[in-house]
Amino acid sequence: MSSFNAESTAFRAALDVIHAVEPGVADAIAAELADQRASLKLIASENYASPAVLLAMGNWLSDKYAEGTIGRRFYAGCRNVDTVEALAATHARELFGAPHAYAQPHSGIDANLVAYWAILADRVEAPALKRAQARQVNDLTEKDWFELRRELGNQRMLGMSLDAGGHLTHGFRPNISGKMFDQRSYGTDPTTGLIDYDALRETAREFKPLVLVAGYSAYPRKINFRIMREIADAVGATFMVDMAHFAGLVAGKVFTGDFNPIPHAHIVTTTTHKSLRGPRGGMVLCQPELADQVDRGCPMVLGGPLPHIMAAKAVALAEARHPDFQDYAQRIVDNAQALAEGLVRRGVTLVTGGTDNHLALIDVHGFGLTGRQAEQALLESGIVTNRNSIPQDPNGAWYTSGIRIGTPALTTRGLGLEQMDEIADLIHTVLSQTRPGTSADGTPSKAQYVLDPAVSDRVSKQATEMLAVFPLYPTVDLD
Ligand code: PLP
């Protein structure tokens, strides 16, 4: 049970206690709440966790070491950690309809590493690896280690390219995933911006990956996981889906049937803090045959579990099982579509022309800007977004030509269709009034921009007035 008084009292008391030791930290925490309240947050990967989720993270569970997993701990005295880990896993299994859930990964990247190691351990016929799994690591000879590295290093991964919207950990060369695996990327159709399943099928047939990865950080459309699984099956690949971005839409039953990865993938990874609205963290969901390897995530891949974060995951997953969450998930998509339509109506170019998930990708070429210039001009006007590569981006991954926007956070705050149209207008105003700037030596710059302060002030003021109607954490009063 929560009430205005309980939540305000809890946060005020916590800040008082912290303030007595290090006022700088207490002040920064309070300032962060003020900043979040004041900003129009369109970062597609962020959200606002509930007071219950936030409070579940700050307590004594944090003090406990619990390497291993339930029933197989390397430390004594883990009964309360077992309780929260089991609660998180049970909620996750039931919410997503997954046979097995592993709630320990500290982040989305960690969840992907756990999954990759589990797949390798399950699929690769390396005698040295089998011995390592049998915990006879000390018996491995130099030759065994050489063989292990060679066998693991020869495995192939096919994942979505970074500029098409994939994540670094889906086999991007400089990332550990692109070094662990012999990697190849699939992109999107240059005309439609959509995944071309026929082209992907051909690439898979030719490349024969051990792992086919689906999922994205910046692809504004649904993915047909049934077709992806058929492609994986045709070449004997393990099919992994990273649903870090859209887990909330799966939990909220907006993505069902072919668009729900759980029944189609061998293994699914996620973060818990984006559309799922939980604490920072990750999770792995998998079919029974991979469960044992996944449960070895700690200590094979991960450091000791974070029991306080698993507690907060359990709270967030309990919240996501509430019927209200389905309404929330649907509103995320309705809002994203309204925002996208508002932008397109004003002549803004979107990658794929729109969205059917929680995010949209603005192509800022038409405004003569780089993503970086656009991002900074929007920020100066009180609109928080992030620059992002677009397919075949001529400006590379640093300056980029895109702006990614998403609606999970503003939907939590209560903003609806009417506000989305107003926000589309604000974004269009800023982008159309910003001009590229020059460097100190007078040469064209990809970072500098020129925007009349009167415009940024007006947009900022309008954004503040809009947000005032939708208070963030209305039950929390720190004054
Ligand atoms: N996977 C995808 C698809 C993501 O978008 C992200 C984060 O942006 C991650 C994994 C990594 O998550 P984390 O930052 O929690 O490691």
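Two strands pair if DSSP finds at least two bridges between them. Strands (E, at least two residues) and helices (H or I, at least four residues) are DSSP runs, numbered from the N terminus. The views below show a predicted model, in which local features need pLDDT of at least 70 and side-chain atom pairs count only at pLDDT 80 or more, while totals for chains, interfaces and linings use all residues. Residues are numbered from 1 along each chain as its sequence is written, and side-chain values use heavy atoms, with hydrogens and water left out.

**View A. An open sheet of 4 strands with antiparallel pairing.** Follow the strands in the order E11-E12-E15-E14. The edges are strand E11 (349-350) and strand E14 (386-388), each pairing on one side only. E14 and strand E15 (residues 402-406) run antiparallel and are joined by 3 bridges.

**View B. An open sheet of 7 strands with mixed pairing.** Here the order reads E4-E10-E9-E8-E7-E5-E6. Strand E4 (100-102) and strand E6 (182-186) are the edge strands, each with pairing on one side only. On average, neighbouring strands of this sheet are turned by 20 degrees against each other, direction ignored (axes are lines fitted to C-alpha atoms). Strand E5 (residues 156-160) runs parallel to E6, and 5 bridges join the two. Within that pair, Gly 159 has Ser 185 of E6 as its bridge partner.

View D. A ligand nitrogen lies 2.6 Å from a side-chain N or O atom of Asp 242. Ligand oxygen atoms take part too: one is 2.7 Å from a side-chain N or O atom of Ser 217, and one is 2.9 Å from a side-chain N or O atom of Lys 274. The protein covers 84% of the 390 Å² of accessible area that the ligand has on its own (Shrake-Rupley method, 1.4 Å probe).

Technical notes
Polar contact = N/O pair within 3.5 Å; in protein donor to acceptor, adjacent residues only side chain to side chain. Axes fitted to C-alpha atoms, helices over the stretch in contact; angles between N-to-C directions.
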